[in-house]
Amino acid sequence: MSLFGNRLRQLRKQSNLTQKELAAKLKLAFSTISMYERGIREPDFETTEAIADFFNVSMDYLLGKTQINYVIPPEYVNTIILTNHEKKLITAYRNKPEMQASIDKLLDI
């Protein structure tokens, strides 16, 4: 399985979608999503862009060029200032995906 395929599968599952449901939303064949996830086929640029937009992640994340799986709007890039403690909390949260649901529930988000 390719890194793209792994990331696509992860994002799809996090969104509680089946391959068939995702294919319908992206106007692709079910078999296309299946082949992407298994690493048999890679999407073209436009399809990669559509998938990134659908999941609100960067194309770089989908292609394995970054670990950051969210898009920060350009107007916010230089406006968020975090303390070192906040940075550690965010890093710990990202590194423990198995705990994220519990933390979200605790924080009521």
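Accessible areas here come from the Shrake-Rupley method with a 1.4 Å probe, and for residues only the protein chains shown count as cover. Rolling a probe the size of a water molecule over the atoms shows where empty space is left. For this chain, the accessible surface comes to about 8000 Å². Carbon and sulfur atoms own 55% of that surface.

This is a predicted model, so local features need pLDDT of at least 70 and side-chain atom pairs count only at pLDDT 80 or more, while totals for chains, interfaces and linings use all residues. Residues are numbered from 1 along each chain as its sequence is written, and side-chain values use heavy atoms, with hydrogens and water left out.

**Stop 1: the whole chain**

You see seven helices and zero strands. Helices (H or I, at least four residues) and strands (E, at least two) are DSSP runs, numbered from the N terminus. The pattern along the sequence is α-α-α-α-α-α-α. The C-alpha atoms fill a box of roughly 45 × 30 × 25 Å, taken along the principal axes.

Of the 109 residues, 24% count as buried. Buried means under 20% relative accessible area, exposed means over 50%, and partly exposed lies in between (1.4 Å probe, protein chains only).

Now colour the charges. There are 15 positive and 13 negative side chains. Lys and Arg count as positive, Asp and Glu as negative; His and the chain ends are not counted. The centres of the two sets lie 7 Å apart, with each charge placed at NZ of Lys, CZ of Arg, CG of Asp or CD of Glu.

**Stop 2: helix α3**

Select residues 30-38. This is α3, and F30 is in it. Is F30 buried or partly exposed? F30 is partly exposed, with a relative accessible area of 45%. Leaving aside neighbours within four places in sequence, F30 is in contact (heavy atoms within 4.5 Å) with Q19, K20 and A23. F30 and K20 are ten residues apart in sequence, and their C-alpha atoms are 5.0 Å apart in space.

Next, pick the buried residues of α3: T32, I33, S34, Y36 and E37. Their cover includes α1, α2 and α4. Move on to G39, which follows α3 and has a positive phi near 80 degrees.

**Stop 3**

Select T48, in helix α4 (residues 45-55). T48 counts as buried because its relative accessible area is 4%. Not counting residues up to four places away in sequence, T48 touches P43, M59, L62 and L63.

Then go to N56, in the loop between α4 and α5. N56 has a positive phi of about 55 degrees although it is not a glycine.

**Stop 4: the largest pocket**

Show N69, Y93, R94, N95 and Q100. Of the 17 lining residues, these lie nearest the centre of the largest pocket. On a 1 Å grid over the protein atoms alone, a pocket is an open set of points where a 1.4 Å probe fits, with protein on both sides within 12 Å along at least five of seven lines; lining residues have an atom within 4 Å of a point.

The volume is about 520 Å³, the space filled by probe spheres set on the points, which are joined across faces, edges and corners. Which helix gives the largest share of the lining? α6 does, with six residues. α1 (3-14), α6 (84-95) and α7 (97-107) each supply at least two.

**Stop 5: after α7**

Finish at D108, in the segment after α7. D108 is exposed, with a relative accessible area of 70%. Its phi is positive, about 60 degrees, although D108 is not a glycine.
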